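Hello,

Here is the structure you asked to look at. My notes on it follow below.

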Amino acid sequence: MADEVVLPIPNLVLSQQLFTLTQPSLAHLHDNARTELLKGISADQMAPYYRIITSTSSALPPDPALLSSMESTNADELKKLDERLEEATKTEGESEISDALKARANYLTRIGDKERAIEAQRLALEKTPGLGSRIDIVLTLVRIGFFFGDNDLIMTSLSKAEALIDEGGDWDRRNRLKVYTGLHLLTLRRFKRGGELLCDALSTFTATELLPYNDFVAFTVVANALTLGRVELKKKIINAPEVNQVLPDLPILGDLIKNLYDCHYDKFFLALGALLPALFSFLSLFFPRIIKSKLLMSPPLATLEQTLLLPSRILSPHARFYIREMRILAYSQLLESYQSLTMESLSRAFGVSIEFVDSELSRFIANGRLHASIDKVHGIVETTRPSMKQAQYESVIKQGDVLLNEVQRLSKVLY
């Protein structure tokens, strides 16, 4: 275990609150988000961050008196830290200088002064001798990247952290790096590898400086529900005590994974939120003004999409992709169990109309996402399982074409 306490800086909850305020679809959450954001900024005296927010967005109203007060506090504290660093440099040893540098870097990180914080953290990294402390500094740089949405900083810092861990990082820091890397992979839509890393850290999670435990479990379930087979989903997620401990607080997740596993596809679709676009489109044809006013005035229905995906700054960019892939997963899971099914039985299974199923399956089959064919004359969907030998043959042909093209290019260069 790491000997040093990992400070939750910068406060990543604030970046989530700011994201909420920038999303018109989350208007029902704006009042609480605005209150919590301003409270967090005041608590940490984040003058640089407050200045950025008020000058680049309308999330918070500018308050010159508050800004002046925080800037004064920042200046006083940085003066003390600079004096302490100067004293340590003149009269004390390497360890004290490192501590003074880290204290100054951490304060700049806390108040949200991005550029100066990065510079100070990198200077502290150069002057800090201990491997564990150096890993902690690099992980702080990763958190700064998450806070400001700087993917380049995240990627370079994660690579540095991995290299330091390979030199002899302890068990705790290895597990924290899994969480950091897994979360970053989710932002890149790499759910499979990201889910694997998060699942590995499920029983050993300690990275509370990055995200709350309930959010960590939610991300783990969301990622693995899409990528694990039924047997592994049951073993690693549904039966996991860490997941079951959190599900009472996140009931929509329990509905999602249990109904998918138990093949209750109609309830699964409702929990997923897959039916809402079709429902609202249908109702809007007949009651456009009423539907529009209700959507603007009322909080969204409790579905995975509305309660977990869209409100999350990590998952929101991938919400439509995730909903589509989960629908394909459910269709595949049902179709793989039969040689053929009637459109009527499919519509009953998913709790939707025959027209909806027809439209969905036609699109997914045409895009090569489902191995099936639709017989509209008889109202039947027939499963067409791809031959393994045929798939291998096609793979060899494609690879052979690539190889021949490369050989031809090489011959042109040589001759």
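Of the 415 residues in the protein chain, 43% count as buried. Please keep in mind that this is a predicted model. The secondary structure of the chain comes to 22 helices and three strands. Among contacts with a separation of 6 or more, 61% are between residues 24 or more positions apart.

Helix packing

Two contacts involve helix α3. Helix α2 (residues 30–43) and α3 cross at roughly 145°, and their axes come within 9 Å. On the α2 side the contact is made by Leu37, Leu38 and Ile41, and on the α3 side by Tyr49, Tyr50 and Ile53. The residues of this contact between α2 and α3 divide into six nonpolar, no polar and no charged.

Helix α3 (residues 47–56) also packs against helix α4 (residues 64–91), at an angle of about 150° and with the axes 9 Å apart. Angles over 145 degrees count as roughly antiparallel, and α3 and α4 are therefore roughly antiparallel to each other. From α3 the contact uses Ala47, Pro48, Tyr50 and Arg51, and from α4 it uses Leu66, Leu67, Met70, Glu71 and Asn74. Here the residues of the contact divide into six nonpolar, one polar and two charged. Tyr50 is listed in the contact with α2 and again in the contact with α4.

A buried glutamine

Gln121 is placed in helix α6 (residues 114–127). Is Gln121 buried or exposed? Its relative accessibility is 1%, so Gln121 counts as buried; the cut-off for buried is under 20%. Leaving aside residues up to four places away in sequence, Gln121 touches Ala105, Asn106, Thr109, Ile137, Thr140, Leu141 and Ile144.

Aromatic pairs

Rings whose centres lie within 6.5 Å count as a pair. By this rule there are 14 aromatic pairs. One of them is Tyr213 with Phe216: the ring centres are 6.3 Å apart and the planes stand at 40°, so the pair is tilted. Both residues belong to helix α11 (residues 213–227), and because they are three residues apart there, about one helical turn separates them. Tyr213 counts as partly exposed, at 24% relative accessibility, whereas Phe216 is buried, with a relative accessible area of 1%.

Tyr331 and Phe364 form another tilted aromatic pair, with 6.1 Å from centre to centre and 50° between the planes. What does this pair tie together? Tyr331 lies in helix α19 (residues 319–335) and Phe364 in helix α21 (residues 354–366), so the pair joins parts that are 33 residues apart in sequence. Tyr331 is buried, with a relative accessible area of 1%, and Phe364 is buried as well, at 2%. Both belong to one aromatic cluster, formed by Tyr265, Phe268, Phe269, Tyr331, Phe350 and Phe364.

Arginines over rings

Phe364 also has a charged residue over its ring: Arg363 lies over the face of Phe364, at 4.9 Å from the ring centre. In a further case, Arg230 lies over the face of Tyr261, at 4.5 Å from the ring centre.

To recap the part around Phe364: Phe364 pairs with Tyr331, is a member of the aromatic cluster and has Arg363 over its face.

Regards

How values were computed: Residues are numbered from 1 along each chain as its sequence is written. This is a predicted model: local features need pLDDT of at least 70, side-chain atom pairs count only at pLDDT 80 or more; totals for chains, interfaces and linings use all residues. Side-chain values use heavy atoms; hydrogens and water are left out. Rings of Phe, Tyr and Trp (its six-membered ring) pair if their centres lie within 6.5 Å; planes under 30 degrees apart count as stacked, over 60 as edge-to-face and the rest as tilted. Helices (H or I, at least four residues) and strands (E, at least two) are DSSP runs, numbered from the N terminus. Buried means under 20% relative accessible area, exposed over 50%, partly exposed in between (1.4 Å probe, protein chains only). A charge sits over a ring if NZ of Lys or CZ of Arg is within 6 Å of the ring centre and within 35 degrees of the ring normal. Axes are lines fitted to C-alpha atoms, for helices over the stretch in contact, and angles run from 0 to 180 degrees between N-to-C directions. Angles under 35 degrees count as roughly parallel, over 145 as roughly antiparallel, 65 to 115 as roughly perpendicular and the rest as oblique. Contact means heavy atoms within 4.5 Å. Ala, Val, Leu, Ile, Met, Phe, Trp, Tyr, Cys and Pro count as nonpolar, Asp, Glu, Lys and Arg as charged, and the others, Gly among them, as polar.
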